[in-house]
Amino acid sequence: MTGFLVLIVLVLISVAIWQLVKIFDLTQIGVKPEDNLQIATDNDNKVNGYLMFAFLGFIYVFMLFSMIKWGPVVLGKPASLHGPEYDNLMTISMVLIFTVQIITQALLHYFAFKYTGKQGQKAVYFADNNKLELIWSSIPAIVLAVLIFYGLYNWSDIMFFDEKKDDPIVIELYAKQFSWEARYSGKDNVLGKANVRFIEGPNSVGVDLSDPNAQDDFVVSELHLPKDRRVIFKIRSQDVLHSAFMPHFRAQMNCVPGMVTQFSFIPTVTTADMRNDEAIKKKVDNINKIREAKSALLAKEGKPALDSYTFDYLLLCNKICGASHYNMQMKIVVDSKEDFNKWLAEKSSATVAVAVKNDAKEKAASSEEKSTSVKDSSASKVDSTVVAETPAVK
Ligand SMILES: [Cu+2]
């Protein structure tokens, strides 16, 4: 692929040099018009006019082809309360763009054909026309203003919500190269303070264990959300800019080191219901067909087959944050209220504070065991310097 790109660049550079030489030739004094084949004849202009039409046909055909071929790849129905409004804005914008470009492309190419150059014909000098300018400035201005106001209205509707309504649950999303962790606020529904400097051992998101609110916090690597209940995400990053992207919920927010950003939505479709959705079923079948074909090829090479795919919501990173950015994802499960509460009760016992205490106990026990060994002191020193240096890594 790189070789092919280099080849194209070289060809384009040669064409550019060839054209520059031709222009240089034309500017030389003493060239007689009759030996100059570089000036376009009527026939050349006619050919160019028809080529314009051919190009118009090409872009229309390619547009239709793309819509039919890749149209089904777009996301299915939204799984959040604000999703349909968001999709509406997207649909209106796309319909407008399609309509305007179909008309303007046709006009542009038709006029290029109609007014092809003819020998001896001079262009009309046309300085300005206030009426025309008013029309082509005000129409786009009005249309764009309507779109922008509608977008702003949607944005504020999504971003400004009543934190006390809908019995919200607070969850922290912690981004780092190249994985996600989610911290639940536990029974008090208040997240304890956290700082990158507190990261050590099982305290992987840097919870401040002296904070009373942190005592019941727990960290998971699979995000569970309750259906029909508001979820407030508090988003942090350990190292670089990431972006928390939950496409099925039409949600995205930057994760910025050194600050907490926020996004909130109400999930409306459980994972089980989404798996039964006709459009999703079709997609899953399609993906599995591709995987089966690939597995058959792999089997020939004696390699293991690919797993079959089942639908899951995903939290993805949508900022190119490093080499393994593509693989920075976390599974999201939307549960019914009952299932979610069951899951929450199971997880609540495994809090960060307990994990840290257990870890400390284990360490103390193992260092007692090792105290007979001579190498022990140096080993634990190495360990503590690594931890001390971790926060400085940016
Ligand atoms: Cu990332």
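Five strands make an open sheet, and their order is β4-β10-β9-β6-β7 with mixed pairing. Two strands count as paired if DSSP finds at least two bridges between them. Strands are DSSP runs of E, at least two residues long, and helices are runs of H or I, at least four long; both are numbered from the N terminus. The edges of the sheet are β4 (223-226) and β7 (251-255), each of which pairs on one side only. From one strand to the next, the twist averages 25°.

This is a predicted model, in which local features need pLDDT of at least 70 and side-chain atom pairs count only at pLDDT 80 or more, while totals for chains, interfaces and linings use all residues. Residues are numbered from 1 along each chain as its sequence is written.

In general, strands of a sheet pair through backbone hydrogen bonds, either parallel or antiparallel.

Now turn to another set of paired strands. Strand β1 (residues 169-176) and strand β2 (residues 179-184) run antiparallel and are joined by six bridges. They form a hairpin, with two residues between them. Within this pair, Glu 172 has Arg 183 of β2 as its bridge partner. β2 also pairs with strand β3 (residues 218-220), through three bridges and again antiparallel. There, Tyr 184 stands opposite Phe 218 in β3.

β1 has a further partner in β5. Seven bridges join these two strands, and they run parallel. Ala 175 is bridged to Ser 237 in β5. Strand β5 spans residues 231-237 and is mostly covered, with five of its seven residues buried. Buried means that 20 or more other C-beta atoms lie within 10 Å of the residue's own; 12 or fewer means exposed, anything in between is partly exposed, and C-beta atoms are placed from the backbone. β5 also pairs with strand β8 (residues 261-265), antiparallel, through five bridges. Lys 234 stands opposite Gln 262 in β8.

Next come the helices. Follow helix α3 (residues 83-114) and helix α4 (residues 130-159): their axes come within 10 Å and cross at roughly 165°. Axes are lines fitted to C-alpha atoms, for helices over the stretch in contact, and angles run from 0 to 180 degrees between N-to-C directions. α3 and α4 are therefore roughly antiparallel to each other. Angles over 145 degrees count as roughly antiparallel, under 35 as roughly parallel, 65 to 115 as roughly perpendicular, and the rest as oblique. The crossing of α3 past α4 is left-handed; that is, the near helix is turned anticlockwise from the far one by less than a right angle, whereas clockwise would be right-handed. On the α3 side, the contact is made by Glu 85, Tyr 86, Leu 89, Ser 93 and Leu 96; on α4, by Val 143, Leu 147, Tyr 150, Gly 151 and Asn 154. Contact means C-beta atoms, placed from the backbone, within 7 Å.

The UniProt record, an unreviewed entry, places the feature "transmembrane region" at residues 47-68, 89-112 and 134-155. UniProt positions follow the numbering used here, feature names are shortened, and annotations may be inferred rather than shown by experiment. In the model, residues 47-68 are 100% helix and 0% strand, with end C-alpha atoms 32 Å apart. Residues 134-155 are also 100% helix and 0% strand, and their end C-alpha atoms lie 31 Å apart.

Methods:
Contact = placed C-beta atoms within 7 Å.
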